[in-house]
Amino acid sequence: MPPAVDRQTLGKWGEDVACQRLVALGYAVLARRHRTRFGEIDIICERDGIVTFVEVKARRTRRFGTAAEAVPVRKRRRIGAMALDYLAWTGRMHAACRFAVVAIDGVGTDHETIRVIDDAFQFDAR
């Protein structure tokens, strides 16, 4: 990935990399860029019967924190609402699910790291 790209190109590249990593870890990708009335879920995948909602964050530098730190509480709530919307839409309201983050730091450098953080956060629908 060249270091001088716009945010959308970086985001699409990050999602591609995240999907490759998730598939290598045994996940089946169910959807990418799934649009709901609350926003867009980057990746929805499944492994061992557990539906996983994945937020992908890619950062060139740590100037504003690491990629893993870029999912604040407000965003977590939106992802949870989007997950409920997806589960209702697919008739899987009772499916086991979790939330993960794929954090890519140092994009375009020799120190690029990709980390899959399973169970990155909890969501309480109450």
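Buried here means under 20% relative accessible area, and exposed means over 50%. I kept that cut-off at hand while going through this predicted model.

**Entry 1: the whole chain**

I began with burial. Of the 126 residues of the chain, 39% count as buried. I then took the surface: the chain exposes about 7,500 Å², and carbon and sulfur atoms supply 49% of that area.

Next I listed the secondary structure and found two helices and five strands. In sequence order the pattern reads α-β-β-β-α-β-β. The radius of gyration is 14 Å, close to the 14 Å that the globule rule gives for 126 residues, so the chain is as compact as a globular protein of that length. I also noted the span of the C-alpha trace along its principal axes, which is about 45 × 30 × 20 Å.

Residues 24 or more positions apart account for 52% of them.

**Entry 2: the largest pocket**

Rolling a probe the size of a water molecule over the atoms shows where empty space is left. I looked up the largest pocket and wrote down a volume of about 720 Å³. It is lined by 21 residues, and the closest to its centre are Arg7, Gly11, Val56, Lys57 and Ala58.

Which elements give two or more residues to this lining? I found helix H1 (7-24), strand E2 (39-47), strand E3 (50-59) and helix H2 (73-89). H1 gives the most, with seven residues. I sorted the lining by class and got 13 charged, four polar and four nonpolar residues.

Is Glu15 buried or exposed? Glu15, in helix H1, has a relative accessible area of 5%, which is under 20%, so it counts as buried. Leaving aside neighbours within four places in sequence, I found Glu15 in contact with Arg32, Arg33, Asp42, Ile43 and Val56.

Glu55 sits in strand E3. Glu55 is also buried, because its relative accessible area of 4% falls under the 20% limit. Not counting residues up to four places away in sequence, Glu55 touches Asp42, Val71, Lys75, Ile79, Ala100, Val101 and Val102. Asp42 is in my contact list for Glu15 and again in the one for Glu55.

**Entry 3: positive phi**

Most residues other than glycine have a negative phi.

Arg33 is not a glycine, yet its phi is positive at about 50°. Arg33 belongs to strand E1 (residues 28-36).

Asp48 is not a glycine either, and I read a positive phi of about 55°. Asp48 lies in the loop between E2 and E3. Its relative accessible area is 71%, over the 50% limit, so Asp48 is exposed.

**Entry 4: Ala81**

Last, I looked at Ala81, which is in helix H2. Which residues does Ala81 contact, leaving aside its neighbours within four places in sequence? I found Phe38 and Phe123. I also took the distance from Ala81 to Arg37: the two are 44 residues apart in sequence and 9.3 Å apart in space, C-alpha to C-alpha.

Note on methods: Residues numbered from 1 in each chain as written. Predicted model: local features only at pLDDT ≥ 70, side-chain atom pairs only at ≥ 80, totals over all residues. Heavy atoms only, no water. 1 Å grid on protein atoms, 1.4 Å probe; cavity = no way out; pocket = protein on both sides within 12 Å on 5 of 7 lines; lining within 4 Å. Points joined across faces, edges and corners; volume = space filled by probe spheres on them. Helix = DSSP H or I, 4+ residues; strand = E, 2+ residues; numbered from the N terminus. Nonpolar A, V, L, I, M, F, W, Y, C, P; charged D, E, K, R; others polar. Rg over C-alpha atoms; globule rule 2.2 N^0.38 Å. Buried < 20%, exposed > 50% of the residue type's maximum accessible area, 1.4 Å probe, protein only. Contact = heavy atoms within 4.5 Å. Areas by Shrake-Rupley, 256 points an atom, 1.4 Å probe, with all protein chains shown as cover.
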